[in-house]
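Hello,

Here is the structure I promised to pass on to you. Please have it open while you read, and my notes follow below.

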Amino acid sequence: MASIGQMAAGLAHSLNTPLGNILGYAQQARRKAGDEDMRARMEVIERQAEACSDIVRNLLSAARGPDIRIQPFDLAELSRATVKLLRPVVHDHGVELLLDPGVEHLSLNVLGDVGGVEQILFNLVNNAVQAGAKTIRVHLCNDSQWGRLQVEDDGQGIADEIRSRIFKPLFTTKAAGQGTGLGLHLCQTLAGSMQGSIELLDSRPGNTRFQLDLPLAAPGVSP
């Protein structure tokens with residue numbers, strides 16, 4: 001991981017500026033394009049430049065380790081806000097992102113890092129989209145010690161023979177150039193840094209469920 005960190009720092013320095021230029025010029029060209037075919041080509045360039053930026057960002061995050069600030073916050077409120085933010089994004093891919101109806105009026109105070117939980121939720125939703133899901137559902141529940149966030153999707157599922165490896169760094173089943181194999185590893189690192197955990201509860205074609213556990217805030221402690 002130290003070697004990865006050195007490589008990531010060099011990649012970030014070398015690639016972020018040209019990628020930013022490519023993205024900016026592609027956006028300008030798309031707005032000024034005179035025909036639909038050219039606009040579509042510029043959109044492809046935009047998406048590919050953004051994908052490259054995401055790869056570099058994930059590589060840096062995994063190598064440096066998370067910068068975590070533990071505090072009490074309302075997991076239900078965060079889930080509502082994040083789903084609202086992501087819903088139009090996944091809708092563009094033909095995916096419906098749903099929040100369990102019981103979450104609409106729920107309050108669930110936990111201890112963790114707001115940005116870290118957002119990143120975990122982003123990664124889980126993004127993975128579901130890439131797995132061919134058409135519907136993604138976010139659930140919340142709790143017991144006496146833990147607040148639990150579940151992300152369920154109807155995508156292609158994860159094969160039994162690779163389930164033990166999905167959280168390992170650099171492991172990916174995606175085609176070359178489409179992923180770093182660091183997303184779920186980063187989710188696990190973030191969860192552990194918040195004294196929580198993340199696990200794959202179940203996976204088969206049409207139903208995959210991940211669960212994030214975070215410690216409940218002490219009674220009377222509010223965000």
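A term to begin with: a residue is buried under 20% relative accessible area, exposed over 50%, and partly exposed in between (1.4 Å probe, protein chains only). Leu-111, with a relative accessibility of 29%, is therefore partly exposed.

Please keep in mind that this is a predicted model, in which local features need pLDDT of at least 70 and side-chain atom pairs count only at pLDDT 80 or more, while totals for chains, interfaces and linings use all residues. Residues are numbered from 1 along each chain as its sequence is written, and side-chain values use heavy atoms, with hydrogens and water left out.

Now the overall picture. The protein has five helices and seven strands; helices (H or I, at least four residues) and strands (E, at least two) are DSSP runs, numbered from the N terminus. Along the sequence they follow the pattern α-α-β-α-β-β-α-β-β-α-β-β. Of the 223 residues, 38% count as buried. Taking contact to mean heavy atoms within 4.5 Å, residues 24 or more positions apart make up 71% of the contacts with a separation of 6 or more.

Back to Leu-111, which sits in strand S3 (residues 109–112). Neighbours within four places in sequence aside, the contacts of Leu-111 include Ile-70, Pro-72, Phe-73, Met-194 and Leu-214.

Next, the sheet. Two strands pair if DSSP finds at least two bridges between them. Five strands form an open sheet in the order S2-S4-S5-S7-S6, with mixed pairing. S2 and S6 are the edge strands, each pairing on one side only. On average, neighbouring strands are turned by 15 degrees against each other, direction ignored. For such angles, axes are lines fitted to C-alpha atoms, for helices over the stretch in contact, and angles run from 0 to 180 degrees between N-to-C directions. Helix H5 packs on this sheet, where H5 touches S6 and S7, and the direction of H5 makes about 140 degrees with that of S6. S2 and S4 run parallel and are joined by four bridges; Glu-96 has Thr-135 in S4 as its bridge partner.

What about the interior? A nonpolar core is a set of buried Ala, Val, Leu, Ile, Met, Phe, Trp, Tyr and Cys residues joined through side-chain atoms within 4.5 Å. The largest one has 41 residues, and Leu-75, Ile-120 and Ile-136 have the most contacts inside it. Among the elements giving two or more residues to this core are H3 (75–91), H4 (114–130) and H5 (183–193). H4 gives the most, with seven residues. Ile-120 touches, among others beyond four places in sequence, Cys-187, Leu-190 and Leu-212.

With a disulfide defined as a pair of cysteine sulfur atoms within 2.5 Å, the count comes to zero. Cys-187 is buried, at 0% relative accessible area, whereas Cys-141 is partly exposed at 34%.

Finally, the aromatics. Rings of Phe, Tyr and Trp (its six-membered ring) pair if their centres lie within 6.5 Å; planes under 30 degrees apart count as stacked, over 60 as edge-to-face and the rest as tilted. The whole structure holds one such pair. The ring centres of Phe-167 and Phe-210 are 6.3 Å apart and their planes stand at 90 degrees, so the pair is edge-to-face. Phe-167 lies in the loop between S5 and H5 and Phe-210 in strand S7, so the pair ties together parts 43 residues apart in sequence. Both Phe-167 and Phe-210 are buried.

Best wishes
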